[in-house]
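Keep the structure open beside you as you read.

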Amino acid sequence: MPRSVAVNVGANTTLPGFRAPVHPDGRFEYVPIPEREPAAVSLPTYADLNVEMDVPPDVRDTEVHLDPEFAEYPQCEAYTYGDDYAVKAGPLSDLAAGDYAFFYATLSTAGDPPTWAAPEWGAYLIGAFRLDRDPVTAYESLDPADRERFANNAHVKRETVDAEVLLLGDPAESRLFDRAIPLSSRTAGADPNRIVIDLSADSGKGPWWRRPLRFDEPATSALVDIVETGEIERCFEN
């Protein structure tokens with residue numbers, strides 16, 4: 001049975017200063033953070049992503065750190081993710097082929113919130129990879145063919161490849177979700193729901209929405225089932 005780890009990604013109130021929206025029907029936008037390191041190649045900008053939300057004019061031409069990349073998303077080719085921070089790279093490195101990496105983002109409510117959404121903002125699962133291979137922790141040791149599979153990843157495009165871990169998703173079992181899956185309670189974005197409190201190994205105390213969330217085998221099975229069935233009420237049931 002697979003295990004899983006969920007990590008926070010995407011635009012936030014620190015970088016670039018706004019959150020992407022979640023809409024009344026549960027649809028959302030995935031908006032990456034700006035690129036902060038020198039790149040060896042030209043990178044896409046916010047304008048290139050054709051997002052529906054009104055990106056502030058002063059950042060529209062800013063190059064983005066498009067990570068994770070989802071094959072169905074603009075400017076992406078495959079399902080890859082890299083991380084240069086040990087707090088995320090450590091738990092992700094402990095995964096293996098066949099395990100899951102989930103990605104969550106803090107999103108702002110746009111219009112009337114879904115009945116299951118916290119007012120103003122909340123944390124939501126937005127996508128997942130089923131790992132196609134064990135995590136890569138030594139990129140330089142890969143042969144050229146394996147390196148090519150990560151060629152479009154944002155960390156590989158930097159002047160110095162700095163990822164402590166690189167993940168590759170199986171294209172048949174990886175995707176950017178159509179609808180957000182809540183991690184927050186119905187009442188407040190900072191309050192976790194059952195997925196965090198009962199399924200993950202996290203305490204749900206303090207800023208849990210910034211931390212990696214670990215799920216053992218039974219919890220991963222339950223989480224995958226929630227995602228596949230779209231039964232949102234199960235996020236809140238005890």
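## A word on burial

A residue is called buried when its relative accessible area is under 20%. Please keep in mind that this is a predicted model. Y79 has a relative accessible area of 9%, so Y79 is buried.

## The ring pair of Y79 and F129

Let's stay with Y79 and look at its ring. The structure holds 13 aromatic pairs. One of them joins Y79 and F129: the ring centres are 5.9 Å apart and the planes stand at 80°, which makes the pair edge-to-face because planes over 60 degrees apart count that way. Which parts of the chain does this pair link? Y79 sits in the loop between strand 4 (64-65) and strand 5, while F129 belongs to strand 7 (residues 121-130), so the pair links distant parts of the chain, 50 residues apart. F129 is buried as well, because its relative accessibility is 0%.

Another edge-to-face pair is formed by W116 and Y124, with 6.3 Å from centre to centre and 65° between the planes. Both W116 and Y124 are buried.

R147 lies over the face of Y139, at 5.3 Å from the ring centre. R186 has its charged end over the ring of F236, 4.1 Å from the centre of that ring.

## G82 in strand 5

Now move to strand 5, where you will find G82. Is G82 buried or exposed? G82 counts as buried, because its relative accessibility is 2%. Setting aside neighbours within four places in sequence, the residues in contact with G82 are D67, N153, H155, A163, V165 and L166. For a sense of distance, the C-alpha atoms of G82 and P44 are separated by 17 Å, and these two residues are 38 residues apart along the chain.

## Helix 1 and the strands it packs against

Helix 1 covers residues 86-93, and its buried residues are K88, A89, P91 and L92. What do these buried residues pack against? Their partners are strand 1 (4-8), strand 5 (80-83), strand 6 (100-109), strand 8 (165-168) and strand 10 (213-215). Strand 5 on that list is the strand that holds G82.

Technical notes: Residues are numbered from 1 along each chain as its sequence is written. This is a predicted model: local features need pLDDT of at least 70, side-chain atom pairs count only at pLDDT 80 or more; totals for chains, interfaces and linings use all residues. Side-chain values use heavy atoms; hydrogens and water are left out. Buried means under 20% relative accessible area, exposed over 50%, partly exposed in between (1.4 Å probe, protein chains only). Helices (H or I, at least four residues) and strands (E, at least two) are DSSP runs, numbered from the N terminus. Contact means heavy atoms within 4.5 Å. Rings of Phe, Tyr and Trp (its six-membered ring) pair if their centres lie within 6.5 Å; planes under 30 degrees apart count as stacked, over 60 as edge-to-face and the rest as tilted. A charge sits over a ring if NZ of Lys or CZ of Arg is within 6 Å of the ring centre and within 35 degrees of the ring normal.
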